[in-house]
Structures are given as C-alpha cells and as structure tokens.
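Subject: Handing over the model

Hi,

Here is the structure I promised you. Have a look first, and my notes follow below.

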Amino acid sequence: MSGTSSSGNLTADFAHAFGSPHSELLGTQFESWDEASQTATMRFTVKPEMCTWRGGVQGGLVAGYLDEVMGCAHLASTAGKEAPLNLDISMTLIRLIPQGPIIGKGRVVKAGRRVAFLEAELLSEDGVILARATSTALPTPVPTAEQMSETMGG
C-alpha cells in the first residue's frame, strides 16, 4: 500500500489497518486521500480467479472491491481510528468488469457517531463507470495491530 493524504502519510498513520488477506486477494493498492472531498482513490488488479466464464468479475465479488474502497474512505476520514461495519450495501453493476487494472473511488457522504453513509464507484482506467454502491454503516474502533494479528492467527 502506498499514498499520502493532506494530513500525512497514510501508511505511517494506520498501516496496520490495511494489509488484510482479502486486500491481497483483491490486488489492492492505496493511491490517495482527498480531505476536502472525503474521497479515497485505490487501484485494484483484477485476477483471473475473480472472473466468470463471461470474462468479468463475479457479481458478489464486485461488492468486495466497492466495500474495500468505501471502508478505506471512512478509515482515512477518521485518521485510522474507525472502520465501518456495514448494515447494508446497495450496488449497481453497470458494465462487465474485466481482468486487469481498475480504479476505485470511495467517499464519505456523511458520518456521525452512530452511522456513516458511504458511496463508491469502480472505473476503468479511461474513466468509464463500471459499478456503483452506497452503504449505511456503523462506525467501529479499528483493532490494534496486536488484536488483528491474534484474529488472523499470527
């Protein structure tokens, strides 16, 4: 993971919150955080294992990419202190998502102490919208690096 924000280097600020096994599976790379628009940008490398015989990402797996970038936006907006626990995710599959590089943009629409409203888009490298999602989530404390290690058997 790499990238910076207006408040510093996100890797240094809360690197332990990234790097879960699913992030590797999704081919996740953090790009940037824009404080003013509350938008996180990530790149993903879609692996062949994520695709169906139609040549695109299986629909349920698309939700994983969208969830990842919405979670990143909330995490960045709280300087790594909170991660969203989804109550719901609504997504629209607009175009087939092929193997290879895609861009994710996640935004915090509104966040309070009890609920956060998030949205995301997946785009081709030339900016064509492939999928969209919204989420209603509960803000939860991010576990410490030690707690994460214990949870993941490390």
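Which residue takes a positive phi in the hairpin of strand 3 and strand 4? That is glutamine 38, with a phi near 55°, in a hairpin that has four residues between its strands.

Before the rest, some housekeeping. This is a predicted model, so to speak of local features I need pLDDT of at least 70, and side-chain atom pairs count only at pLDDT 80 or more, while totals for chains, interfaces and linings use all residues. Numbering starts from 1 along each chain as its sequence is written, and side-chain values use heavy atoms, with hydrogens and water left out.

**Around strand 4**

Helices (H or I, at least four residues) and strands (E, at least two) are DSSP runs, numbered from the N terminus. Strand 3 (residues 28-34) pairs with strand 4 in the antiparallel sense over six bridges; two strands count as paired if DSSP finds at least two bridges between them. In this pairing, glutamine 29 stands opposite arginine 43 of strand 4. Strand 4 is also joined to strand 6 (residues 100-111) by eight bridges, again antiparallel, and there valine 46 has glycine 100 as its bridge partner.

Strand 4 (residues 39-46) is mostly covered, with six of its eight residues buried. Buried means under 20% relative accessible area, exposed over 50%, and partly exposed in between (1.4 Å probe, protein chains only).

**One aromatic pair**

Rings of Phe, Tyr and Trp (its six-membered ring) pair if their centres lie within 6.5 Å; planes under 30 degrees apart are stacked, over 60 edge-to-face, and the rest tilted. By that rule there is one aromatic pair. Phenylalanine 44 and tyrosine 65 form it, edge-to-face, at 5.1 Å centre to centre and with 80° between the planes. It links distant parts of the chain, as phenylalanine 44 is in strand 4 and tyrosine 65 in helix 3 (residues 59-77), 21 residues apart. Phenylalanine 44 counts as buried because its relative accessible area is 1%, and tyrosine 65 is buried too, at 0%.

**Salt bridges**

Side chains of opposite charge can pair when their charged atoms come close. I count a salt bridge when a side-chain nitrogen of Lys or Arg is within 4 Å of a carboxyl oxygen of Asp or Glu. The whole structure has five of them.

One of them brings together glutamate 125 and arginine 43, at 3.1 Å from N to O. Glutamate 125 sits in the loop between strand 7 (116-123) and strand 8 (129-141) and arginine 43 in strand 4, so this pair ties together parts 82 residues apart in sequence. Arginine 43 is partly exposed, at 27%.

Arginine 107 meets glutamate 119 in a salt bridge of 2.8 Å, N to O. Since glutamate 119 lies in strand 7 and arginine 107 in strand 6, the pair ties together parts 12 residues apart in sequence. Arginine 107 also forms a salt bridge with glutamate 121, with the closest N and O atoms 3.8 Å apart. Both glutamate 121 and arginine 107 are buried, whereas glutamate 119 is partly exposed, at 27%. Arg107, Glu119, Glu121 and Arg132 are linked in a network of salt bridges.

**Valine 109**

Finally, valine 109 is found in strand 6 and is exposed, with a relative accessible area of 51%. Apart from neighbours within four places in sequence, valine 109 is in contact (heavy atoms within 4.5 Å) with Phe117, Leu118 and Glu119.

Cheers
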